[in-house]
Structure formats: structure tokens, C-alpha cells
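Subject: Structure handover

Hi,

Here is the structure, with my notes below it. Please look it over before you set anything up.

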Amino acid sequence: MNSVTEYFKGIFNGLISLLTGMTVTGKYFFKPGTTLTQQYPNNRAELKMFDKFKGEVIMPHNENNEHHCTGCGICEINCPNGSIEIISASITNEEGKKQRIIDKHIYHLGMCTFCGLCVKTCPSQALAFGQEFEHAVFDRKKLTKVLNQPGSKLMKGVE
Amino acid sequence: MEEAVKSVVPENEEYVINMGPQHPSTHGVLRLVVSLKGEIVQNVQPHIGYIHRGIEKMCESITYPQIIHLTDRMDYLSAHINNEAVCLTVEKALGIEVSDRVKYIRTILSELTRIQSHQLFWATFGMDLGALTCFFYGLRDREKILDIFEETCGGRMIVSYNAPGGLMNDIHPNFQKRTKEFIKYFRKTIHEYDKLLTGNVIFQERTKGIGRVTREDAIGWGMTGPVGRASGFSCDVRKHNPYSAYDRVTFNEILYDEGDTFHRYKVRMDEMLESMNIIEQLIDNIPEGPWTEKMKPVIKLPEGEYFQSVETARGELGVFIVSDGNKNPFRVKFRSPNFVNLAPLNIMSKGSKIADLVAISGSLDLIIPDIDR
Amino acid sequence: MEKKQLAAIAASHAPGAVVTEGLQFVEISVEPDQLLKIAGALKYNRETLLDLLVSVTGMDWGQELGTIYHFRSTTFNHMIVLKTRVSDRENPEIDSLCSLYNAAEFHEREVYDLLGIKFRGHPDLRRLFLDSTWGFPLRKDYKDDINIVAK
Amino acid sequence: MEFSIYDFSSFTAWIDSSLRASMSPGWATAVEWIIIGVAILLFYAVVGLFLVYAERKVCALMQNRLGPNRVGPGGIFQTIADLIKLLFVELVPIKNADKILFNLAPYIVIIASFMAIGAIPFAKGLHAIDLDIGIFYLMAISSMGVIGVLLAGWASNNKYSLIGAMRSGAQIVSYELSVGLALVTMVVLAGTMQLSEMIEAQRWGWFIFKGHVPAVTAFVIYIIAGTAETNRGPFDLAEAESELTAGFHTEYSGIKFAFFFLAEYMNMFIIASIAATIFLGGWMPFHIYGLDGLNKVMDFIPPFFWYIGKTFGVVFLMMWLKWTFPRLRIDQLLNLEWKYLLPLNIFNLLLMAFLVLKGWHW
């Protein structure tokens, strides 16, 4: 007799456990407004990434087209993947001294792993992370970027 | 690889199927060569290496701060804990004591990492067993933790937030508020997990008594983490060799004796609650202090061998660095928990059904990049 | 237990081995033919009880190859490191610990795969990650012009 | 001629008589067959496509998602777009497959479900054929599909497929028993196997209310066994995604896959239709004896909508089950049938017979 009651108890408890499971899915089905789907390309306007989001490495320029990069090459040394290449040039500055400046700060986005070492180790805070995240391109060459804008120069007072 | 192909020929009456490297239940490029007799599994032979990137070899040619971003890519669900392991080893070698602030933040983030990893486990384990809705609920809640990571660390999964001597930058001002909001939210929603899966009679039938491992076997095979603790093997590194701020919090080590699939699952469910307790003890008490120690631009470890183990979401991750005094390590070895936990899969699943094999390998919560490294 | 004490105990169970107090753990350097015996002695005696094999690290010291074993006792929570070296680079052979620790099976296959150290008495010594056409990448003299780009 | 949506018999009689007036009886029958065939084919396609859409929408809402929402308003044309895609997808030829059986299997599956639809009464008078052994016919036909599944698994020369097919065979052979016995329980209550008579007998109370506890038990057993018979979750072992990739239809692509896909949904619809007809009164509106006002209001809703509403209610229940529960293991599946459902069912049948014998069912 005991096994018979256990048999029916098993069936009953099993059914109860199944019904509790169904209450969870049922609750979300009948409760409106619980969908979390973001309709991504449509919500571009209100989509805002967090300030620290590591989308890509950028070099901030001010309104006079000046940046902080001295071309020292510390970021290049620190980059684990070789995604930064510094091409520097020598110029003679106003005081008549020879000075090394940045010619091209080349950044291979396709090789970057967003470890943040270049931004962290830059002695003059020339680099930062941008929030851009739509990086898909049709040509791989477009992933190689020159970070310093054409015609830009070093901001005064940055060594 | 050749051996497997040969045994497909049905002369020895074995029915050999390949699970993976592309298979819905292997969560990655794990290939299991399964010999069957009807539905009964006779032998499971794991074939790994499909995502072997030679991280240990790569580490030999880069500097210590650069190693950290590679460890993210091993066990990507415990990325922060992996980072921490390398940092702790380097700090130990250099004799640096990081500030309390760093320790607290690291501990909180580690526990958040653990919760999100277990959430993903819950989601995918449910999916392995055929309860597809679990996947969405698990990822829905995980998303909230990833948002916290994104706000503070800049990355969602691959955080790269630790650096030798501290952190990459200070926490975001919203960090504490968001974490507390999350815990408040998740304490409510975790009951849904139990309602939907833990209590379900089909789920219990599928998992109870499946893939039993005794405590002796667990120790012999070196199984750590939730897998070992489900067998009663007390192996929590946080408890036995506390690092960061784990010696300042009180928490229970979840131990079960049964060692079956259900209890491996249960350990993780309980650990999520325990992790929330740890976070609650720390989140309001983060002390003021520097978020990084002053480090030399080039870190050189003194000659010697350094070993540090931490508790990731899957078990004990050991980082073993042999230094010859240069800026590059001489040899780096990662003792990854998944690699060790994979080994006994054969003895665990011998004699069970195909469906059980899926449940067992799901309950080991394997992350293939961590196995292959 | 103090490290000094442990080193003394370990030395008493490991005759013919060099026992040092390392930076972190007690380190024992063993000859390859003594390894299995000493590991067994350390595993089963009541004072050390090293029942957990944490990791096996294959090493290439340039001239010599070798392995480093990290053991832990789940009872006493102490760790002991075993080291062994072989100078034969062509055909290095070390005793397998599979008879003592099940966990050694995968660890040793990994070491064999990446460093080419053969383990005597291993039940199933096959390559683990790579196929048989590869060399042994973790050796210091490993050359690969295609996959390794020197900066 | 007066037609009403409450009674289609005058409409069908009008078609019949006008056809017979204009041509010889043989031709008229042939034309009627064609008309019925085309009508059922259309109904099949529309319901099949809608069910796929409904399933996707239902599971999406249960999972906090939106589901299809790009093609047409609310994604209503998504399945049509999918169908067009499947029509153009390449049919991958399988090496070493048994070509004839491989190509035959999807047709067997779809024809089996197609034939079952013919015997289902959609509304008063809207009934392709009113067999006096209607239930028997439905049971016989709906279990034919497994032949197609077995053939598909065997012929595609794939190990996963074979395991899936064998599972499916074991499963359907066992669960056919439970479906049959659950229906036999209701046949005992109704005293007839003719579907139109069964529906008529439910004018003053559906069988699920009339039959008290045994009828409710039979309904629960029928839903469980019916879900198993359609190879749907939690009994979708034949195509257990996480174990066997896609089970018996792993090797199928394009329109052949679409046939399997459509047949699965139509089988679900058929199972739900039978449940609605036998337990919930089919197209018969909800009546309570004595409350004439309520009965009038209920009668105002056309029978076809009653039928569709009830059927989709049961379909929703089956979807709800699928998207909540984990999958069973093969031995548990057979245990459930032979250790639980079958004994319960036999006991239930005896109880029902006793009930009817005593005359307590009115």
C-alpha cells in the first residue's frame, strides 16, 4: 500500500512541479512589457555607449586641430599585437632645434584586442577610447587608420 | 585523429559518432568521439586542440602587463579572475602589496564574474537538456552584470581591467549603485531559476544520479571548483588560501556529497547566492585609496618560480611563472581547471545514455578555449 | 606547518633528492629514475599526504628538459614542488605518474605534445592539441617561420 | 438558396445538386473531389504557415523577446518569406543515401497528416467525409507518419538520423497506445465513433465536463501522449537538437525539409483538433442546460470560430509545454508511457465504463 501511495504522490508532485514551471513562462507570456529586445538599427539615435566603453583607439584633437601625441612610441612598444605603428619625422622647430614629431600614428583596428595598454601608458594622454562600435567594413584595408588628422600638430606645452 | 576515423568502420560492432567540433551541445570546438551500443555510451574520447593558440608560447615573447589580455581569452567567462591571477603572481614576485581599495574592487568584480558565469551555465545547461527558455532568462540577467562591467571596465566580456599593481583605472561612480540594484533584482529573479528548472521533475530525473564521481575520484582526477565540491572535495581556493579580500568576508563553501550532475548544478546555484552575500559585505565598505600602485614602466620579475592559484568560476586556476630576470617570462604555465575537469569525462559517462553524456558534459561547464589555451 | 619543518619531513621521505626551501614552497629535485618512487612515498605517508596533483609543467631550460610537479595535500593544505631534469634532448624519458594520480594522464599528454618528453608507463600517450606533423613548440629551439613573427 | 455561417450543410448540398444537374454523376463526384482537395490543401498551407508564425511569436513572448517583427506588420509574413526561401534553397544530394526512400519519406509524412485533415469536422456541415468510424480512422492515419520518419532516418545514411528515427519509432509505437486508450475512454462515454454524432452528443455539455474525473484524466493523458506523438518538446527526442543535431531530418534541405517542418506543425494541429472535437465539443458552442439567454449568445458565435478557438487553445497549451520543460531521456520516455500512462489509462477506462454503466454521466 505504501508503494501505491508513493506512486500517486510521485505523479502528483511531478505535476505540481511542472505547473510551477509553467507559471513562470506563462507569467511572461501574459504580462505585457517584459520584452527586452532592442531593435538595434532602429534605436541608433537613443543608443548611447558608456563613457569608458572600449570601442576603438582614437586620438582626441582640439578645435585648432592639435593633439597631444609627441611620437615617443611608448604605445607602440606596449602594444601586445603590434597594432600600432609610429612613423615619426624630424623637423626644426622655432627655436632652431631638431625635434621629433609624429608623422603618422597608424592604428590597425583589425589587430587590436582592446587591452587598453596604449591608453594607460601614454605619458601625455594623447590616446583615448572612442565609443564607436560599428566597425564592419567591406574592405579589410579600411581597418587600418591614421589617428592623427592631416595637418594636425602637437599642442603647445605638451612634452 | 587517424585512430578515430579507423574505428568508424563497423567491424567491431561499435557505433561511433562524432559529437563536435560543430555540435549544438559542445559549447565550442570540443570533439567527442563517442562509441555507442544502441543508446548506451561505451567510450568517450575527447579530441581537443581546435582552438589551441599557444598562449603559453606567446607569453614567452611579451611582457608581464601584456600577458593579462591573453588570459582574458582563455576562460572568457572568468576573464576578470584570470586577469587577477596573473596580477597576483606578478605582485607576489615583486613583493608589492596593493591597496585595500584595489583588493575590495577585485573581489567584488570577481564575484560578479562568478555570478555571470554561473548564469550562463544555467542558461546553457537548460538548453542542453532541452529547456530552451532558460537560455533567454539566464542571458537576460547576465546582461545586467555585463552592463556593470562595461560601465566600469570598458569591456563587456573581455574586461582587461587588472594591471600588475592595481587596476587599469578607477571604478565608475555608478558602480556601487548599479551593483546593489543588480543584487536586489537578482535575489528576486533567482527564484524563477528554481521554479523553472531546479524543481522540475523532468530535470531532476534527467540529472539525479547521473555521472557520479566519488570524493576520492575527484581528488585523484584533480577535479576542482563546483565539480569537485559537488563530490564533497573541499577545494575552494578562496577559503583555503585566501587572496585579495576573501580573508575579510564570511562565506560558506558549498559542499555536497552526492557528486552527480544535479549536485554539480546545485553547487553553482548556491554559489550565486553566496557570491551575492560576499558582494553585499564589501560593496558599501570600499575604502578610499589609490587604484594602482606606482609601478616601473618596465616590469622585471626577480629570478625564480612563482605560483599562485585563484578560484575561477570553474575551479582552481594556477598561474606558474618562471622568470629569468628579464622583462619577458621564461616560462608561463596556466593550470586551467577545464583542462583537468575534461579528463574524467570518459569514466563519468561510461554506461550512460547519449542524453546523459550531454547532461554530464554540460554540468562540467567546459570552456574550450581554456582547455586548449 | 612551517616550511622548514615540512622540508625536513620531505627530506626524510625522499632519500637521494635535493630538498630546498624555495621562494614559496618546498622544492625537491629528483633524478628521473627516482621520481615515481619518491612521489609515491610523498603521496602515501601520513605526514605529507600529497593526494592532489595540481599541475605538471614541462620545462625547457635550454640544455635540459624537465618537468615540475605541483602537489597539494588536501588534508594539510601544504604544497610541495617536485622537479626533475633530463639532459637527453633527442629522446627524453621520464616516469609517468599515471599509476599514482589519474590527473597525470592529461597533464602528461600535454607535456608530451608541447615538449616531446616521453612518459614511461603512460597508458595512452598521444598528442593532445597538435597533430603529429608539428614539432614541439614549447622548446626554446623551436622554429616556425610561418606562425611566429618576430618583431 | 440561403446560406448561413451557422450551418454549412445547405451550402454543400447546393454545390452537390448544382454539379449533378450540370454533368453526369461520375464527373460530379470527380469535381467534388477536386474541390475538396484544393480546399483542404489551401487550408493546410494557411494553417501550417500560421502555426509556424504563432509558435515563434508565442515562444518569443515567453522568452522576453519580440519574435518575428520585420516582414509585414508584426512579422506576419515572416513564414511566407521563409517558405519562399526554402523553395529556392538547394536540395543537397546525399552520397550513399537510398535515393528512392530518401525522397519518398517527406511525402509519406506530409500525406499522412494531409489525410487526417479530411475526417475532421470544421463546422456544422463542413466535413469532407463523415465516417462512422471517424476516430478509428484518425488514429490509424495519424500514426502513419512514423513510417516516413523511420524511412527518413534510415535512408539518409547518417548516424544521427538513424538514432533519431529509432527513437521516434519506439516513441510513437508506445504512445499510440495511450492516445488510443484515451480516445477509447471517450468512445465509451459517447457510445459512437462517428465524429458528427459525438459532437451532437456534446450539445448540452462538453465531454470533459460530462465525463467527470475520468474525462479530465483522459484529456491530460491525451495531451501528453499527443505531444509525444507529434515529436514535439518535451518529447522531441527524435530531433533532440542538443544530442542529435537535428535527428531524423539532419540531411534534409530545402522543400523536403519544409515538408517535415510543415507536417510537424500540422500533426500538432490535428492532435489539437481531435482533442477539441472529442473533449471540448468541436464546433459546438458552449451551452448550459436551462440558461437560454447564455445559450443564445453562445450560438451567435459561428461554429467555425468555436472550433478554431478551441483547437488553438489546445495548440497554445502544447506550445506552452514545449517552451517550459526540458527534454526527457529515451528510457524515461518509455517509463512514463508503460509505467504511468498505460496503467492509469486502463484504470481510467474501467472507471469510465463503470460511470457509463451506472448512468452518472448525464
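The contact between chain C and chain B takes 24 residues from chain C and 25 residues from chain B. Two residues count as in contact if their C-beta atoms, placed from the backbone, lie within 7 Å. On the chain C side, strand 3 (52–60) and helix 3 (104–115) each supply at least two residues. Strand 3 gives the most, with 6 residues. Helices (H or I, at least four residues) and strands (E, at least two) are DSSP runs, numbered from the N terminus. By class, this side of chain C has 13 nonpolar, 8 polar and 3 charged residues. Ala, Val, Leu, Ile, Met, Phe, Trp, Tyr, Cys and Pro count as nonpolar, Asp, Glu, Lys and Arg as charged, and the others, Gly among them, as polar.

A word on the source. This is a predicted model: local features need pLDDT of at least 70, side-chain atom pairs count only at pLDDT 80 or more, and totals for chains, interfaces and linings use all residues. Residues are numbered from 1 along each chain as its sequence is written, while chains are lettered from A and ligands numbered from 1 in the order written.

Next, chain D. Of the 5 pairs of chains that touch, B and D have the most contacts. Here 23 residues of chain D meet 26 residues of chain B. Helix 7 (159–190), helix 11 (241–244) and helix 15 (330–358) of chain D each supply at least two residues of the chain D side. That side divides into 9 nonpolar, 7 polar and 7 charged residues. No contact joins chain C and chain D; their closest C-alpha atoms lie 25 Å apart.

Best wishes
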